[in-house]
Amino acid sequence: MIDPVARAAAAFRTVHGEAPARIAHAPGRVNLIGEHTDYNDGFVLPCAIDRGTAVAIGPAADGMISVTSADYDETDVFDPAAPFQPAPGWRSHVRAVAAVFRARGLPLAGARLGIAGDVPQGAGLSSSASLGVALAAALDGEQRFDATELALIAQAAENDFVGVACGNMDQLIAAHGQAGAALLIDCRTLAIKAVALPEDMAVLIIHSGITRGLVESAYNARRAACEAVAARLGVKALRDADLPALAAAAGLDAVACRRARHVISENARTLAMAAAVAASDWPQIGTLMAASHASMRDDFEITLPEIDALVARLAAATGGIGGARMTGGGFGGCVVALARGDRVPALHAAALAHFASVGRVPGLIHSCRPAAGLQITPG
Ligand code: GLA
């Protein structure tokens with residue numbers, strides 16, 4: 001498959017008969033641990049993957065933004081000075097990023113865009129965030145914003161215009177990813193610490209085959225539940241709560257308690273995981289991933305039985321040298337396994353055995369090393 005940067009540039013050239021001025025590329029991500037902690041001001045440990053979205057851009061004299069999607073062979077044209085109007089599919093994501101510039105009093109000049117990506121959609125690998133960050137960087141022609149600010153623009157596009165109440169993890173890792181490392185992100189202070197993965201560590205991403213839709217899912221309900229418990233505990237966010245305070249809180253219903261317990265315990269696991277990965281402590285990595293998955297299954301209730309079964313098979317196949325868990329928002333999408341490189345064939349076989357047993361055609365089974373984040377190249 002030709003890479004997205006080359007395809008975005010080619011799409012631009014085909015439509016406009018000249019090279020783009022520049023091309024921004026941002027990757028998708030896989031989260032190793034720290035799920036539903038970002039919007040609770042907590043900790044996450046994602047890494048950027050070797051798939052992403054590229055946006056080729058050049059000026060337009062007519063003041064309009066004209067976009068070509070190479071993947072869909074579709075186009076869109078809108079006026080960046082006019083109020084946001086939703087449009088089908090990928091178009092709303094593009095219009096939303098432009099709308100954030102407008103909302104912040106930063107008028108956008110007319111532009112022509114060519115977009116191409118290879119992050120599977122609906123897989124929980126943050127195709128939207130990779131598009132959003134690449135778009136924000138492409139549209140920021142004067143390079144006024146640093147990587148964190150571009151990530152926050154992309155997040156605001158999702159929150160304020162697309163209508164997804166996501167946290168900041170996906171955009172921050174798309175903007176800041178580092179080759180060979182996961183990033184421990186403090187989602188409150190936005191402090192980022194690179195955690196180099198051991199040389200012999202494989203990151204295996206397996207798509208369950210169950211497609212998830214963030215907007216339709218119970219994501220917003222989970223977020224609201226977390227915020228309600230934080231308010232009841234009198235803290236700014238669940239980041240500031242601990243398990244004894246939760247146990248002592250009067251009048252919280254059992255479901256709310258379980259939701260909060262997931263977030264509080266997941267924050268602790270994420271910090272422990274960063275240390276375990278840095279120390280190549282395979283048994284501890286396996287233990288933490290298993291506990292994270294169990295917490296998502298039993299307390300946060302965002303897994304599905306078929307995904308639990310896939311995780312169990314993969315965890316067993318690590319032979320104690322690694323672990324597995326669902327990754328991303330939940331209700332479908334991907335599972336991530338971390339294992340020593342020599343275990344990859346066993347994990348691959350376990351995934352195939354799973355798909356045979358549930359009667360699904362195997363989808364993405366992808367072994368990757370963490371990739372770099374946002375990159376801007378001349379056209
Ligand atoms: C989605 C959201 C993120 C994060 C994860 C769950 O990917 O976009 O902000 O909340 O779910 O960890």
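1. Leaving aside neighbours within four places in sequence, I33 is in contact with V44, L45, E266, R269, T270, M273, L288, S292 and R325. The model is a predicted one. I33 sits in the loop that runs between β1 (22–31) and β2 (43–44). With 0% relative accessibility, I33 counts as buried. As for A99, which is 66 residues from I33 along the chain, the two C-alpha atoms are separated by 32 Å.

2. A99 belongs to the residues of α2 that touch α4. Two packed helices are described by the angle between their axes and the distance between the axes. For helix α2 (residues 90–103) and helix α4 (residues 147–162), the angle is about 105 degrees and the axes are 8 Å apart. That makes α2 roughly perpendicular to α4. On the α2 side the contact is made by S92, H93, A96, V97, A99, V100, F101 and A103, and on the α4 side by I153, A156, A157, E158, F161 and V162. Sorted by class, this contact has eleven nonpolar, two polar and one charged residues.

3. Next, the aromatic residues. The structure holds three aromatic pairs. In one of them, F84 and F161, the ring centres are 5.2 Å apart and the planes stand at 55 degrees, so the pair is tilted. This pair links distant parts of the chain, 77 residues apart: F84 is in the loop between β5 (74–78) and α2, while F161 is in helix α4. F84 counts as partly exposed at 22% relative accessibility, and F161 counts as partly exposed at 25%.

4. F101 and F145 form an edge-to-face aromatic pair, with 6.1 Å from centre to centre and 65 degrees between the planes. F101 lies in helix α2 and F145 in the loop between α3 (127–139) and α4, so the pair ties together parts that are 44 residues apart in sequence. F101 is buried, with a relative accessible area of 1%, whereas F145 counts as partly exposed at 22% relative accessibility.

5. Strand β4 (residues 65–69) is largely enclosed by the rest of the structure, because five of its five residues are buried. In a regular strand the side chains alternate between the two faces of the sheet. In β4, I65, V67 and S69 point one way and S66 and T68 the other way.

6. Two strands are joined to β4. Five bridges connect β4 to β5, and these strands run antiparallel; S69 has E74 as its bridge partner in β5. β4 and β5 form a hairpin with four residues between them, and D73 in the turn has a positive phi of about 55 degrees. Five bridges also join β4 to strand β6 (residues 111–117), here running parallel. The bridge partner of I65 in β6 is A111.

7. Another sheet is open and has four strands in the order β10-β11-β9-β12, with antiparallel pairing. Its edge strands, each pairing on one side only, are β10 (322–326) and β12 (365–368). Neighbouring strands of this sheet are turned by 20 degrees against each other on average, direction ignored. Within the sheet, seven bridges join the antiparallel strands β9 (residues 201–207) and β11 (residues 334–340), and I205 stands opposite V336 in β11. Helix α11 (residues 344–358) lies across β9, β11 and β12 and runs at about 10 degrees to β9.

Key: Residues numbered from 1 in each chain as written. Predicted model: local features only at pLDDT ≥ 70, side-chain atom pairs only at ≥ 80, totals over all residues. Heavy atoms only, no water. Buried < 20%, exposed > 50% of the residue type's maximum accessible area, 1.4 Å probe, protein only. Contact = heavy atoms within 4.5 Å. Axes fitted to C-alpha atoms, helices over the stretch in contact; angles between N-to-C directions. Parallel < 35°, antiparallel > 145°, perpendicular 65-115°, else oblique. Nonpolar A, V, L, I, M, F, W, Y, C, P; charged D, E, K, R; others polar. Pairing = 2+ DSSP bridges. Phe/Tyr/Trp six-rings, centres within 6.5 Å; stacked < 30°, edge-to-face > 60°.
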